[in-house]
2 protein chains.
Amino acid sequence: MQLEHKHTETKNVVNRLSRAIGHLEAVKKMVIDGKDCTDILIQLSAVNAAINNTGKIILVDHIRHCVADAVEKEDHTVLDQLEDAINKFIR
Amino acid sequence: MQLEHKHTETKNVVNRLSRAIGHLEAVKKMVIDGKDCTDILIQLSAVNAAINNTGKIILVDHIRHCVADAVEKEDHTVLDQLEDAINKFIR
């Protein structure tokens, strides 16, 4: 499904995902190089935190734009989909 | 710090990290292409779950090898470092 409306955080989200990919590449190199397990776990935890923060930005951007639009148009399927996404994203 | 002992899951961990990197690249493309936010959040959640599972494998491998070695040698700094890594990794 393609979006019809604008988001304001797309560039920010793409930059954060690029950094997370670079970070994960660095962790992979640590594993290949046999670096200390505890250091690897700490870096992996930092990547997870970065992905979570990026998810929060996507969620807020989505609520500010897509959801606001959908509520105005009384399109409740968007709210159902959002609830599903939140249930899957927040554990 | 470099490890002196062998792990048995290194190839498995490297493969899982490679897949997580590929998955994250696909999510970045979804954002650039303006795909639906809820779909993006669901995929991002799947990447986080994959990273968590990889972390668990690293942790178990670490306990089975590094920690077992350290306990035999009565090296308790390894246990302290492990506790620190667990506190940072498990939220």
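Guide: A polar contact is a pair of N or O atoms within 3.5 Å, where within protein one must be able to donate a hydrogen and the other to accept it, and residues adjacent in sequence count only if both atoms are side-chain atoms. The model is predicted, so local features need pLDDT of at least 70 and side-chain atom pairs count only at pLDDT 80 or more, while totals for chains, interfaces and linings use all residues. Residues are numbered from 1 along each chain as its sequence is written, chains are lettered from A and ligands numbered from 1 in the order in which they are written, and side-chain values use heavy atoms, with hydrogens and water left out.

Visitor: How many residue pairs are in polar contact across the interface of chain A and chain B?

Guide: Contact in general means heavy atoms within 4.5 Å, and by that rule 45 residues of chain A touch 45 residues of chain B. When the polar rule is applied across this interface, with both residues at pLDDT 80 or more, the number of pairs found is four.

Visitor: How much area is buried between chain A and chain B?

Guide: Buried area is the accessible area (1.4 Å probe) that two parts lose on being put together, summed over both. Carbon and sulfur atoms give 72% of it here, and the total is about 4000 Å².

Visitor: Which three residues supply more than any other three of the area that chain A buries against chain B?

Guide: Together the three supply 15% of the area on the side of chain A. They are A:Ile21, A:Cys37 and A:Leu41.

Visitor: Which element gives the largest share of the side of chain A that touches chain B?

Guide: Helices (H or I, at least four residues) and strands (E, at least two) are DSSP runs, numbered from the N terminus. The elements of chain A that give two or more residues to this side are helix H1 (10–32), helix H2 (37–72) and helix H3 (77–89). The largest share, 17 residues, comes from H2(A).

Visitor: What rotation superposes chain A on chain B?

Guide: Copies are superposed by least squares on the C-alpha atoms of residues with pLDDT (the predictor's confidence in each residue, from 0 to 100) of at least 70 in both. With 0.0 Å of shift along the axis and an RMSD of 0.0 Å, the rotation is 180 degrees. The two copies are thus related as by a two-fold rotation axis.
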